[in-house]
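Biologist: Hello! Could you walk me through this structure, one question at a time?

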Amino acid sequence: MPNRAFYSCLLVVALLAPGFADAAAGSASCRQGDEVRVWTAPRQPAPGEPLEVLAVATDAALDELAVYDPAGRPVSPRIDRNGGPPWSLSTTVFRPTPGPYRIEARRGARTVACLELNVGGAGRDSPVAGWDLASEALYAAWIERLFDAPPEASLSFPSLEPVLRDPERNFLFNYLGQGEDSGLPAEPDCADLPYFLRTYFAWKMGLPMAYRPCNRGSTSKPPRCSTPVLETGFSGSRASAAYFKDAARRMMDTVHSGSARTGLSDDGSDFYPVPLERSALWPGTVFADPFGHVLVIVKWIPQSGSQPGLLLAADAQPDNSVTRKRFWEGTFLFADIPGAGPGFKAFRPLTGGVKGDQSPNRALSGSSGLPPYSSEQGGLRPEDFYARVEGLINPRGLAPDAAYESTLSALIEQLETRVTAVENAQEYARANPRSVIDMPSGAAIFETTGPWEDFSTPSRDMRLLIAMNVLAGMPQRIRRYPRLFDLAGESPEGAAARIERLHARRTEERSITYRRSDGSPWQLSLAEIYARNPRLEVAYNPNDCPEVRWGATPSSPEHATCKRRAPRDQQLRMEEYRDWFRETRRPPR
């Protein structure tokens, strides 16, 4: 549940000035702004049932959100602030009375958007006209609220279902008034996650949705896609949960890890690359890594005083778990390779038409207010890409100690999500004691279907090994790129040596705990995990016991509880593939 108090603010007393309530009763003009829109949920508000209010702006932050009841009296609920861009203010009127309500979003003394609605009335026939600037901004604000929590909180879910079924998170929970979210399946994997979120939003808001069948590309060519599939069954209607379920299944059966890796200049794709600018990286923007993993931006935390900034994203795993992660080299893999178009991308706007027309790159100039098309990520060296994004997250730079601690926390976060993944595989083994999961051959260990995809961790372990190298390599990064750090007069060499000593101490202090085969907990310090690096190169097989998957040596007390090993032929193939993990390079498809 989001910590609303963390972002709360109070309505300004000036709104209670004499005469204002009379105007609020309906005599004054009330209309939405061009860049600011007030939204409410559910679609047909009922007396006594919570009324959600969300004001979203694309041009600048909002100051106030005022709500007036049918008698013209101001309602004074708690206000939550998020963004931006886009920027948003939200509140809940828990027990509205029947009759007309007036809602105003304000900057200073000026009302920039106004909405009147009748609680208990007939409601609205068509909530939105189409995918325009306002609906795209609402989509971004909705995504941000779904995964909202204090920045230091660890946010992880077994699937997307508990996220969507939480009315505190989901502004669109039961939006259609059909109890439609009760029992709704929501288990997308990493490639499906952005599409599932987009399809769910389109369903609730009565919008069309388009997606393309794509191939997976090759070592020399990015994936290519064919004619869009246009889903119009949501448009302007209250489609049932059963219809959404079928539509979502058709979509998830079509999209895959190649869908987001299309070339940066490719017009025939579902996504287009955006500039590496804070104004262009809205919540809902996807990050496609060159090897197939996909993350969705959910929140920016600005740098403040001695506190580092954060760029937070959500991703799903083959086991359907959903976790919030911070941006860093260990989770956002970037490489300029001919077989993929990696980087930050937005959904290509849907312009209408029976063929699911999507705006070509040349039309995405930014004049609509949406982030423009940009090919600047193409050709960037990884070190330049990471330096650019880090500059957006922490524009004043970070002191070396703060940079190290932030990276250390991200690594521990990554290890803790692996604890869950290994335990999920152990639970599957307990439920299927005689089952041996088939292991694909070659590069297919990274891309396949079935239990191997659900419970193996080759991609996760590759990212983990990269992450461990990034943390250990921070002293050398200070020496090579001192401009990225706030050294406060300290020499790069002096700062690097100090971080080396800090690393030696902190890896002994920080630890994770996993469950062995008999259910007993076993604690591993980060220093021990570093020492096990070679054994972690062959630790991704779900047919192995947890002790082996965490690198325990066969003769150790830790290993004594191990009751299960992968078949000998699988062990031999893992040894054959070991160099991929030692060198942290994905093999060609």
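Modeller: Gladly, and please keep in mind that this is a predicted model. Let's begin with the largest nonpolar core, which has 67 residues. The members that touch the most others are Trp142, Phe147, Leu160, Phe196, Phe201 and Met205.

Biologist: Which helix gives the most to this core?

Modeller: Look at residues 133-146. They supply ten residues to the core, and they form helix α2.

Biologist: Leaving aside neighbours within four places in sequence, which residues is Phe147 in contact with?

Modeller: Phe147 is one of the core members that touch the most others. With its sequence neighbours within four places set aside, its contacts are Leu155, Leu160, Val163, Arg169, Val298, Ala314, Val322 and Arg324.

Biologist: Which residue does a cis peptide bond join to Ala41?

Modeller: Omega for this bond is about 5 degrees.

Biologist: Is Asn320 buried or exposed?

Modeller: Asn320 is in the loop between β16 (310-316) and β17 (322-326). Its phi is positive, about 75 degrees, although Asn320 is not a glycine. Buried means under 20% relative accessible area. The value for Asn320 is 18%, so Asn320 is buried.

Note on methods:
Residues are numbered from 1 along each chain as its sequence is written. This is a predicted model: local features need pLDDT of at least 70, side-chain atom pairs count only at pLDDT 80 or more; totals for chains, interfaces and linings use all residues. Side-chain values use heavy atoms; hydrogens and water are left out. A nonpolar core is a set of buried Ala, Val, Leu, Ile, Met, Phe, Trp, Tyr and Cys residues joined through side-chain atoms within 4.5 Å. Buried means under 20% relative accessible area, exposed over 50%, partly exposed in between (1.4 Å probe, protein chains only). Helices (H or I, at least four residues) and strands (E, at least two) are DSSP runs, numbered from the N terminus. Contact means heavy atoms within 4.5 Å.
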